[in-house]
Amino acid sequence: TLRHLRKCEYSLAPLINNIDIELLEEDRILLLVVAYLSLAGKIKDLTSDLVASKLKTVRLREKITEFLSNPTASMLVKADSVIERIGIEQSFPDWMVLKFVEYYGESEAEKICKSLNEQAPVTLRVNTLKSTVEQCQEKLQEQGIESIRTPHSPIGLNLLRRTNVFSLSAFKEGYFEVQDEGSQLLPLLIDPKPNAKLLDACAGAGGKTLAFAALMKNRGEIYAT
């Protein structure tokens with residue numbers, strides 16, 4: 001719902017604007033979730049009676065049946081510009097869409113926004129101090145977890161289905177860390193030598209710091225700040 005918030009709010013505008021009273025925050029949040037379910041095509045099990053029974057605002061209860069009877073109608077975006085249309089349809093602020101369009105053109109900007117709305121894969125960085133990519137993949141397979149090699153990182157694996165990897169013995173034994181492919185590539189590009197002194201000037205949870213440590217064979221010095 002948060003990922004598609006702007007479009008959800010846009011679709012609700014005709015419904016909310018027509019009740020002429022202040023909307024309770026509780027009702028607003030409920031309607032946003034309902035709007036997302038409509039957007040995602042998961043509306044079939046959501047009856048107007050069920051939604052109405054949860055709404056505090058009586059005027060909204062009367063209007064919700066009409067809204068749910070034709071959910072796609074409110075999703076049709078009427079915008080004054082391409083920037084605004086992409087912004088609403090993909091739930092991005094106009095200023096960001098404008099930047100994408102300036103750099104990449106309209107078609108590519110829309111593709112970028114769409115891709116950023118997709119669920120990210122679960123990507124693992126193999127801990128090369130303990131395992132090879134092949135050994136890690138085999139260890140995961142023993143636990144029923146299928147994976148494929150990442151297209152760019154030579155030490156990464158993408159899981160074929162989402163799972164709680166932190167409960168796996170392979171994680172507890174230090175075979176891998178969860179780290180997206182882009183973050184895996186940065187330490188590889190820097191390529192620190194085992195005796196290096198290295199400053200990680202933007203360390204969060206320390207994923208790249210650990211990657212640096214593996215590349216440096218647990219030698220040298222790393223300052224994580």
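**A colleague's note on the rings, sheet and helices**

1. Let's start with Phe171, which is partly exposed, with a relative accessible area of 23%. Please keep in mind as you look around that this is a predicted model.

2. How far apart are the ring centres of Phe166 and Phe171? The centres lie 5.0 Å apart, and the planes of the two rings stand at 85°. Because planes over 60 degrees apart count as edge-to-face, that is the label for the pair of Phe166 and Phe171. Phe176 joins them too: ring pairs link Phe166, Phe171 and Phe176 into a cluster.

3. The structure has 4 aromatic pairs in total. Another one to look at is Phe92 with Phe100, an edge-to-face pair with 6.4 Å from centre to centre and 65° between the planes. Are these two residues buried or exposed? Phe92 is buried, with a relative accessible area of 9%, and Phe100 is buried as well, at 16%. Both get that word because buried means under 20% relative accessible area.

4. Now to the sheet. Its 4 strands form an open sheet in the order S2-S3-S1-S4, and the pairing is antiparallel. Strand S2 (147-149) and strand S4 (176-178) are the edge strands, each pairing on one side only. On average, neighbouring strands of this sheet are turned by 35° against each other, with direction ignored.

5. Inside the sheet, strand S1 (residues 123-126) runs antiparallel to strand S3 (residues 156-159), and 3 bridges join the two.

6. At what angle do helix H1 (residues 5-17) and helix H2 (residues 25-39) pack? The angle is about 110°, and the axes are 9 Å apart. H1 is therefore roughly perpendicular to H2, a word used for angles of 65 to 115 degrees. The crossing of H1 past H2 is right-handed.

7. Which residues make the contact between H1 and H2? On the H1 side they include Leu5, Cys8, Leu12, Leu15 and Ile16, with Lys7 and Glu9 also among them. H2 contributes residues including Arg28, Leu31, Leu32, Ala35, Tyr36 and Leu39.

Terms used:
Residues numbered from 1 in each chain as written. Predicted model: local features only at pLDDT ≥ 70, side-chain atom pairs only at ≥ 80, totals over all residues. Heavy atoms only, no water. Pairing = 2+ DSSP bridges. Axes fitted to C-alpha atoms, helices over the stretch in contact; angles between N-to-C directions. Phe/Tyr/Trp six-rings, centres within 6.5 Å; stacked < 30°, edge-to-face > 60°. Buried < 20%, exposed > 50% of the residue type's maximum accessible area, 1.4 Å probe, protein only. Parallel < 35°, antiparallel > 145°, perpendicular 65-115°, else oblique. Left-handed = near helix turned anticlockwise from the far one by under 90°. Contact = heavy atoms within 4.5 Å.
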